[in-house]
Amino acid sequence: MFQSAIHRFSQNMKCENCSGDYLANCANCHECFEATECQDCKFCDSNKSSKDAYDVLGHGQRAELILETVATGIGQMIAFCVLSADLNNVFYSISCHSCSNLFGCAGLRKKQYCIFNKQYSKEEYEQLVPQMIEHMRQSHEWGEFFNPKTSHFGYNETLAIEYFPLAREEALKDGFNWSDYLAPKPQVEQMIPASKLPETIAEVPDRILDWAIECEVTSKPFRIVKQELDFYRKMNISLPRRHPDQRHHDRLVWRNPRKLWVRKCDKCGVEIKTTYGLDRQEKIFCEECYQKAIF
Ligand SMILES: [Zn+2]
């Protein structure tokens, strides 16, 4: 049924001149995903009410002129910042709030004219920052987000791998870290393969709480907690056979990738930008054809 049904080329709602998916009430936003009430944006993801934003991931609320930020919003002229809000004229800073005129700072509150967390006068700041920018220009660092080498996490431990999968060697070649950490095996009475689990929840003994289950796909062990077991019993749902990470992965597979392909409407042949790849078998209709066919 899913294959033969008509699919709208995007899930955008009330948008004008936009490309991307899951956009609502946006105008002039391109290559954006899951954004609402945004205007004049490009390459943004999961942000709300941003204006003039580029390469923004998360938050972005009530922010204007914002570039290459993660989970940062409120304010204006913010670039290369992470986990920050209520800023004005702030560059390369992490976890700073209610601040203005910062460069390379971390964890500041209600500060202004600081470089590397050190307080300067307005005049000193305005003299030093252009010098630093010039230096960074020469070393080709200016205008780029923090070097991935400075990340505390491996590429495979971050959301990046879900949207842009890379193998270990590829990630290392591109300058990312990689984590080889393996979670220790749980100290349990017994480890049972998922295939040995009872079919119904009614047959599951309380002792399951002392055991670990081996995922049917990855063999990674996982445990069941009491609240979870109570919930399964209440809802009459059998125990999961897959590790939580695998279940997360399974859900992601149902979503289209955050990537746009140019293809033709399967009804009228007009060109559309859609997250349905060229090899997808579903019938993909442009907005007009979809509306005509459905309503
Ligand atoms: Zn069409």
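Which residues form one aromatic cluster? They are F80, F91, Y92, F103, W142, F145 and F146. The model is predicted. A zinc ion sits in a tetrahedral site. A search of the whole structure finds 16 salt bridges, and the count of aromatic pairs comes to 13.

**Zinc site**

- Four cysteines supply the protein donors of the zinc ion: C265, C268, C286 and C289, each through SG.
- These donors lie 2.3 Å from the zinc ion.
- The angles among the four donor atoms run from 102 to 117°, and the site is tetrahedral.
- Along the sequence, the donor residues follow the spacing C-x2-C-x17-C-x2-C.
- C265 has 5% relative accessibility and counts as buried, because buried means under 20%.
- C268, another donor, is partly exposed, with a relative accessible area of 47%.

**Aromatic pairs**

- The structure holds 13 aromatic pairs.
- One of them joins Y113 and Y125 edge-to-face, with 5.5 Å centre to centre and 70° between the planes.
- This pair links distant parts of the chain: Y113 belongs to strand β10 (residues 112–115) and Y125 to helix α1 (residues 122–138), twelve residues apart.
- Both Y113 and Y125 are buried.
- The rings of F145 and F146 have centres 5.4 Å apart and planes at 85°, so this pair is edge-to-face too.
- F145 is partly exposed at 31% relative accessibility, and F146 is partly exposed at 25%.
- F145 and F146 also belong to the aromatic cluster, along with F80, F91, Y92, F103 and W142.

**Salt bridges within helices**

- Side chains of opposite charge can pair when their charged atoms come close.
- In helix α1, E126 forms a salt bridge with K122.
- The closest N and O atoms of E126 and K122 are 3.2 Å apart.
- E126 and K122 are four residues apart, about one turn of the helix.
- Both ends are partly exposed: E126 has 45% relative accessibility, and K122 has 39%.
- K226 and D230 meet in another salt bridge, at 2.9 Å from N to O.
- K226 and D230 lie four residues apart in helix α4, so about one helical turn separates them.
- D230 is partly exposed, with a relative accessible area of 34%.

**Other salt bridges**

- R280 forms a salt bridge with E282, and their closest N and O atoms are 2.9 Å apart.
- R280 counts as partly exposed at 27% relative accessibility, whereas E282 counts as buried at 5%.
- Salt bridges with shared partners join E34, D45, R255 and R258 into one network.

**Nonpolar surface patch**

- Which residues form a nonpolar patch on the surface? They are F231, M235 and I237.
- Together these residues have about 280 Å² of accessible area.
- F231 is placed in helix α4 (residues 226–235), the helix that also holds K226 and D230.
- F231 has a relative accessible area of 44% and is partly exposed.

Technical notes: Residues are numbered from 1 along each chain as its sequence is written. This is a predicted model: local features need pLDDT of at least 70, side-chain atom pairs count only at pLDDT 80 or more; totals for chains, interfaces and linings use all residues. Side-chain values use heavy atoms; hydrogens and water are left out. Patches are made of residues with over 30% relative accessible area and no salt bridge: like charges are joined within 9 Å, nonpolar side chains (Val, Leu, Ile, Met, Phe, Trp, Tyr) within 5 Å. Accessible areas come from the Shrake-Rupley method with a 1.4 Å probe; for residues, only the protein chains shown count as cover. A salt bridge is a side-chain nitrogen of Lys or Arg within 4 Å of a carboxyl oxygen of Asp or Glu. Helices (H or I, at least four residues) and strands (E, at least two) are DSSP runs, numbered from the N terminus. Buried means under 20% relative accessible area, exposed over 50%, partly exposed in between (1.4 Å probe, protein chains only). Donors are N, O and S atoms within 2.8 Å of the metal (3.2 Å for Na, K and Ca); water is not among the atoms, so sites may look incomplete. Four donors count as tetrahedral if all angles lie between 85 and 135 degrees; four count as square planar and six as octahedral if opposite donors are over 155 degrees apart and all others between 65 and 115; anything else is irregular. Rings of Phe, Tyr and Trp (its six-membered ring) pair if their centres lie within 6.5 Å; planes under 30 degrees apart count as stacked, over 60 as edge-to-face and the rest as tilted.
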